[in-house]
Structures are given as C-alpha cells and as structure tokens.
Amino acid sequence: MNKEAMAQRVAADIFPGAYVNLGIGLPTLVGNYIDPGKHVMLHSENGLLGMGPAPAPGEEDPDLINAGKQPVTTVPGAAFFHHGDSFVMMRGGHLDICVLGAYQVAQNGDLANWHTGDPDAIPAVGGAMDLAVGARNVWVMTTHTTRDGQPKLMRSCSYPLTGLGCVKRVYTDLCVIEIHDGAMHVREMVDGLSFEALQALTDAPLHRPTLSASSTRSAR
C-alpha cells in the first residue's frame with residue numbers, strides 16, 4: 001500500500017477520545033485521516049494540543065506549525081503551551097498513543113529511529129526518546145524495507161537505540177504486526193502477499209496470522 005493508505009490504516013486504529021502524538025515524517029500524514037467524530041486530540045511536542053489536518057494550499061499560517069515545521073490547523077478546544085509543559089505531557093504518561101517512524105524495530109520491541117551511525121549524519125534524537133518511554137502505546141509507521149531492500153524489522157537492532165522494548169505495533173506498506181512476548185505476530189497482510197514472501201523481506205522471525213475475511217487488505 002502507498003503512504004496515504006498506510007496513514008489511513010493507522011488512523012482507523014486510533015480509538016475515540018485518544019491523546020496522540022504523531023512523529024515527524026510519515027506519521028504526520030495520519031492527522032489528515034482522523035475521523036472528527038472520534039474527538040481525538042493530536043499533540044505536537046513544540047507546544048500544541050488539538051492539532052488538525054494540514055491546511056489547504058494558500059491557507060498556511062507560518063506561526064502554526066508542528067514539530068517538523070510543517071503547517072497545520074487546529075480543532076475546537078486546541079491549546080498552546082510552553083515547550084517544557086509539552087515534554088511533561090510526553091514523559092508523564094499522559095499520551096495514549098505515539099506514532100513514530102523508524103530505521104529499525106527489533107522483535108522484542110526495541111526502537112532505533114534517530115541515527116544510522118553514518119558519520120556524516122547529524123545526531124538529533126529530539127523528543128523521540130521521551131515519547132518512546134512516556135506514551136502508553138508506541139506504534140511505528142514505516143516502509144517494510146529500506147530503499148535498497150534491506151529489512152527494517154530485525155532480530156536485534158544494529159543502529160543506536162531510542163527506546164528498549166517500547167514498540168507494541170508496527171504498520172508497514174506490507175503488513176500490520178503486533179509485538180508481544182518478545183516476538184512479532186503478523187496481524188494483517190496486503191492482498192496477494194504470501195507469508196513466505198513477507199518473511200523473506202524480514203530479518204526477525206514472524207508468527208503466522210490467523211487469516212480471516214478482515215485480516216488482509218488491498219494494496220493501494
């Protein structure tokens with residue numbers, strides 16, 4: 001599935017009334033697909049609670065941005081506050097869900113999403129470390145492999161870690177995976193993809209899903 005379909009899939013699993021942080025990169029797209037009837041409050045670490053979808057072209061407000069410096073909108077009841085207060089929310093267990101990107105996720109839920117070890121890269125862990133330990137549920141939204149076809153779902157991460165055993169669910173362009181009991185359990189796969197083909201693209205051993213009419217989704 002494409003990145004828009006991935007965002008829709010994640011948005012569908014966010015429960016009504018949840019307080020949710022969306023990480024920079026792919027996760028920011030999720031905000032465009034939240035059902036307003038769910039009354040979800042999106043949090044941004046730069047000091048905003050009640051973030052709405054991206055504004056229409058030409059309607060951007062340069063003073064209204066998310067943590068990735070992208071223009072956003074607000075929903076009724078939105079609030080602005082100090083950066084320090086925002087991190088208190090993140091670290092204090094007040095967020096129900098955070099959706100983060102990742103370079104790698106290990107089968108035990110370890111997360112690596114801030115540095116690849118490349119000497120030319122600029123280390124910038126930002127608030128990901130705080131979200132990884134503070135949110136009640138850490139979900140990852142990422143492509144299943146790197147651009148050159150290397151797996152991102154690993155037996156153990158080779159990149160510097162952001163958090164230990166923190167990831168509970170992974171959404172990729174090929175599947176949805178639950179992580180529990182130190183293992184990756186496939187919950188859904190895109191139509192036309194075999195379990196064997198999925199495993200071939202994954203370093204970590206996968207546990208087979210119990211397939212039903214609702215456990216596969218079309219690639220879009």
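Predicted model: local features only at pLDDT ≥ 70, side-chain atom pairs only at ≥ 80, totals over all residues.

Colleague: Where does His-39 lie?
Modeller: His-39 sits in the loop that runs between strand S1 (19–22) and strand S2 (41–44), and although this residue is not a glycine, its phi is positive, at about 55 degrees.

Colleague: And is His-39 buried or exposed?
Modeller: His-39 counts as exposed because its relative accessibility is 60%, the cut-off for exposed being over 50%.

Colleague: What about Asp-181, where is that found?
Modeller: Asp-181 belongs to the loop between strand S11 (175–180) and strand S12 (183–190); it is not a glycine either, yet Asp-181 has a positive phi of about 55 degrees. With a relative accessible area of 74%, Asp-181 is exposed.

Colleague: Changing topic, what radius of gyration does the protein have?
Modeller: The value is 17 Å, which agrees with the radius near 17 Å that a compact globule of 220 residues would have, and the C-alpha atoms fill a box of roughly 50 × 40 × 30 Å along the principal axes.

Colleague: How much of it is buried?
Modeller: Of the 220 residues, 49% count as buried, while the protein exposes about 10,700 Å², with carbon and sulfur atoms supplying 54% of that area.

Colleague: And the charges, how far apart are their mean positions?
Modeller: The mean positions of the 15 positive and 22 negative charges lie 6 Å apart.

Key
Residues numbered from 1 in each chain as written. Heavy atoms only, no water. Rg over C-alpha atoms; globule rule 2.2 N^0.38 Å. Buried < 20%, exposed > 50% of the residue type's maximum accessible area, 1.4 Å probe, protein only. Areas by Shrake-Rupley, 256 points an atom, 1.4 Å probe, with all protein chains shown as cover. Lys, Arg positive; Asp, Glu negative; His and termini not counted. Charge placed at Lys NZ, Arg CZ, Asp CG, Glu CD. Helix = DSSP H or I, 4+ residues; strand = E, 2+ residues; numbered from the N terminus.
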